[in-house]
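Trainee: I should like to go through this structure with you, step by step. May we begin with how a helix is checked for length?

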Amino acid sequence: MARPKKTVKAKEPVRIRFKELNNGNKSIYLDIYRDGKRTYEFLKLYLVPETTPVARTQNEAALLQANQIKSQRIIELGNTQAGITIDPKKGKLLLSEWLQIYYEMQQKKGRRSLAQLKGQINIINSYNPRAVMKDLDTAFCLGFIDYVRSGYVVRSRSKKAKEQPDAQPRHLAPKTAQDVEITLKCALKAAIQAGIIDRHPFAGISKADEIKVPESKRTFLTIGEVKALIATPCKREDVKNAFLFSCFCGLRWSDTSGLTWGNIEQENGKYHIALVMKKTREPLYLPLNKQALSYLPKRGTAASTDVVFKTLPDLGYVNVHLKKWAAAAGITKNVSFHISRHTFATTSLTLGADLYTTSKLLGHASIQTTQIYAKIVNSKKDEAVALFDTAF
């Protein structure tokens with residue numbers, strides 16, 4: 001009887017390696033093996049000694065980013081072997097073909113909202129499905145911006161809209177149009193990294209020509225309204241606790257619902273949260289005040305990997321309960337879970353916290369985002385001062 005052949009496990013073409021540095025840190029680099037040749041790519045990412053919770057969170061974020069780059073390099077090598085990557089001098093690849101490759105790259109990276117990305121790519125392809133990568137220039141991009149701003153017509157799915165032939169065409173909302181533009185810009189940046197094109201077609205376009213979104217209105221609760229909610233019973237106690245917890249710490253729904261007991265750490269008698277935010281993939285170190293701690297459920301025998309608010313329903317059901325609870329408290333605002341984050345921001349600034357600190361507590365990458373809340377607080381101060389004029 002013939003012996004079964006041994007299966008040889010294929011070697012990974014790209015591996016993550018570490019180099020010890022004199023300062024005690026470790027430099028992260030990629031070991032790339034292709035066609036019998038080995039090359040190295042240093043990522044300018046580092047692991048630091050895990051002496052604090054913040055250091056551990058930073059290391060998790062660095063490793064996550066390194067693995068994302070590794071996945072991208074593996075995809076690029078696979079595309080080359082499959083004959084997908086073209087000679088950058090010729091650039092005959094269609095934009096639609098590259099967008100499909102870009103979509104698959106994002107899929108491999110584990111990007112969220114893939115359906116949304118697919119829809120944005122479909123809109124880009126509808127502008128010019130035969131556009132060739134080498135021909136993309138400033139004129140193409142300016143025409144594309146005009147198209148998504150006022151040329152693309154949204155197809156209505158409702159039966160009532162289809163029965164009205166005289167109805168006005170509906171165009172993309174400014175935020176949606178901007179998201180589509182950003183998707184194209186990101187896809188073209190990835191094309192440069194992959195050697196498909198050598199220059200970004202948007203490079204010659206001024207900020208004034210790009211799609212702008214009107215500043216959104218932030219709904220938030222006043223301190224009095226938060227007190228009213230605290231005093232009002234809610235049908236779902238877990239929803240009430242999670243919402244008020246977020247009002248006092250500013251976590252998004254994705255981070256609150258996924259919060260584990262291991263993310264909550266104690267040091268010198270004080271508690272804080274250390275996690276990598278799900279939306280931005282950035283590390284966050286967040287001290288917890290006594291109010292936030294009071295709305296945490298009892299841990300009991302829960303393991304560090306167990307979810308803190310483990311009984312919460314889906315976000316849609318949570319928002320239904322929040323609206324009923326707010327109505328019972330006499331609040332007429334359209335309450336959803338996300339306004340708890342707005343409430344934390346405006347309350348922090350109202351109580352005297354500076355803009356930079358508030359920005360860091362919210363985990364904002366740019367302080368410009370936090371300035372929106374500062375404008376709200378300043379307008380409320382103006383209204384308060386104006387009351388004196390009406391009273392006297």
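Mentor: The expected span of a helix is 1.5 Å times one less than its number of residues. Please bear in mind throughout that the model is predicted.

Trainee: How far apart are the end C-alpha atoms of helix α2, and what span should its residues give?

Mentor: Helix α2 covers residues 95-108, which makes 14 residues. At 1.5 Å a residue these should span 20 Å, and the end C-alpha atoms agree with that, being apart by 20 Å.

Trainee: Which residue just after α2 takes a positive phi, and of about what value?

Mentor: Within α2, the buried residues are Leu95, Trp98, Leu99, Ile101, Tyr102, Tyr103, Met105 and Gln106. Just after the helix, a positive phi of about 80° is taken by Gly110.

Trainee: What does the same span calculation give for helix α6?

Mentor: Helix α6 runs over residues 174-193 and has 20 residues.

Trainee: What covers the buried residues of α6?

Mentor: The buried residues of α6 include Ala177, Val180, Leu184, Leu188 and Ala191. An α-helix has 3.6 residues a turn, so residues three or four places apart point the same way. The cover over the buried residues of α6 includes α3 (114-127), α4 (138-151) and α2.

Trainee: How many helices and strands does the protein have, and what share of its residues is buried?

Mentor: The protein contains 14 helices and 6 strands. Among its 392 residues, the share that counts as buried is 40%.

Trainee: What part of the contacts with a separation of 6 or more comes from residues 24 or more positions apart?

Mentor: A contact here requires heavy atoms within 4.5 Å. Among contacts with a separation of 6 or more, residues 24 or more positions apart account for 58%.

Trainee: Which residue of β2 stands opposite Ile16?

Mentor: Strand β1 (residues 14-20) pairs with strand β2 (residues 26-34) in the antiparallel sense, over 7 bridges. Their hairpin has 5 residues between the strands, and Gly24 there has a positive phi near 95°. Opposite Ile16 stands Leu30.

Trainee: Which turn residue has a positive phi in the hairpin of β2 and β3?

Mentor: β2 also pairs with strand β3 (residues 37-47), antiparallel and over 9 bridges. The hairpin leaves 2 residues between the strands, and the turn residue with a positive phi, about 55°, is Asp35.

Trainee: Where is the positive phi in the hairpin of β4 and β5?

Mentor: Strands β4 (residues 264-267) and β5 (residues 270-276) run antiparallel and are joined by 4 bridges. Gln266 is set opposite Tyr271 in β5. With 2 residues between the strands, the positive phi near 55° belongs to Asn268.

Trainee: Is Val48 buried, partly exposed or exposed?

Mentor: Val48 lies in the loop between β3 and α1 (53-81). Beyond four places in sequence, Val48 touches Asn25, Ala55, Gln58 and Asn59. Buried means under 20% relative accessible area and exposed means over 50%. Val48 has 25% relative accessibility and therefore counts as partly exposed.

Trainee: How many residues of helix α8 are buried, and what covers them?

Mentor: The cover over the buried residues of α8 includes α7 (223-231), α9 (253-257), β5, α10 (290-294), α11 (315-328) and α12. Among the buried residues are Phe243, Ser246 and Cys247. Helix α8 (residues 237-247) is mostly covered, the buried count being 10 of its 11 residues.

Trainee: With which side chain does Ser340 make a polar contact of 2.8 Å?

Mentor: Ser340 is placed in helix α12 (residues 339-350). Its relative accessible area is 0%, so Ser340 is buried. Leaving aside residues up to four places away in sequence, Ser340 touches Phe243, Ser246 and Cys247. The polar contact of 2.8 Å joins its side chain to that of Ser246.

Trainee: How many disulfides does the structure hold?

Mentor: Cys141 is buried, with a relative accessible area of 0%, whereas Cys186 is partly exposed at 37%. A disulfide requires cysteine sulfur atoms within 2.5 Å. The number of disulfides in the structure is 0.

Key:
Residues numbered from 1 in each chain as written. Predicted model: local features only at pLDDT ≥ 70, side-chain atom pairs only at ≥ 80, totals over all residues. Heavy atoms only, no water. Buried < 20%, exposed > 50% of the residue type's maximum accessible area, 1.4 Å probe, protein only. Polar contact = N/O pair within 3.5 Å; in protein donor to acceptor, adjacent residues only side chain to side chain. Pairing = 2+ DSSP bridges.
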